[in-house]
Amino acid sequence: VIDVRTPEEVAEGVVDAPNFIHLSLLDMVTNIAQWPADKDADIVVYCKSGTRSNIAMSILRVFGYTNVISMKGGFTAYVEAEFPVAEFVAP
């Protein structure tokens, strides 16, 4: 799971998921080393509403990632669906 929201947005909480990565969309291309090593891994990308995650998904696909999806509705829809939210702890 890759969260491409800003640090301010991430402070509001994150998707409660294993293998969580925070890379704001603006920092994605300059931090390729933080991307998943397995280009065939299942990857879910999300932002606040879905716009930035669609861009991030396209970037990952251009770089050869084969199984990437954007979370429909983003973090807003996730919270509205009452899924568990975790506190972001910087690595």
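Author: Buried means under 20% relative accessible area, exposed means over 50%, and partly exposed lies in between (1.4 Å probe, protein chains only).

Reader: Good. Is D3 buried or exposed?

Author: D3 is buried, because its relative accessible area is 0%. This is a predicted model, where local features need pLDDT of at least 70, side-chain atom pairs count only at pLDDT 80 or more, and totals for chains, interfaces and linings use all residues. Residues are numbered from 1 along each chain as its sequence is written, and side-chain values use heavy atoms, with hydrogens and water left out.

Reader: What does the D3 side chain meet?

Author: The side chain of R5, in a salt bridge of 2.8 Å, N to O. A salt bridge here is a side-chain nitrogen of Lys or Arg within 4 Å of a carboxyl oxygen of Asp or Glu. R5 counts as buried because its relative accessibility is 1%.

Reader: How many salt bridges in the whole structure?

Author: Two. E9 and R52 form one of them, with the closest N and O atoms 2.9 Å apart. E9 lies in helix α1 (residues 7-10) and R52 in helix α2 (residues 51-62), so this pair ties together parts 43 residues apart in sequence. Helices (H or I, at least four residues) and strands (E, at least two) are DSSP runs, numbered from the N terminus.

Reader: And R52, how accessible?

Author: R52 counts as partly exposed, at 23% relative accessibility. E9 is at 15%, so E9 counts as buried.

Reader: Back to R5. Which ring does R5 lie over?

Author: R5 lies over the face of F75, 4.1 Å from the ring centre. The test is NZ of Lys or CZ of Arg within 6 Å of the ring centre and within 35 degrees of the ring normal.

Reader: New topic. How many aromatic pairs?

Author: Six. Rings of Phe, Tyr and Trp (its six-membered ring) pair if their centres lie within 6.5 Å; planes under 30 degrees apart are stacked, over 60 edge-to-face, the rest tilted. Y46 and F75 are a stacked pair, 6.0 Å centre to centre with 25 degrees between the planes. Y46 sits in strand β4 (residues 43-46) and F75 in helix α3 (residues 74-80), 29 residues apart. Both Y46 and F75 are buried.

Reader: Which residues do ring pairs link into a cluster?

Author: Y46, F75, Y78 and F83.

Reader: Last one, backbone. What is the phi of N19?

Author: Positive, about 60 degrees, although N19 is not a glycine. N19 is in the loop between β2 (14-15) and β3 (21-22). N19 counts as exposed because its relative accessibility is 69%.
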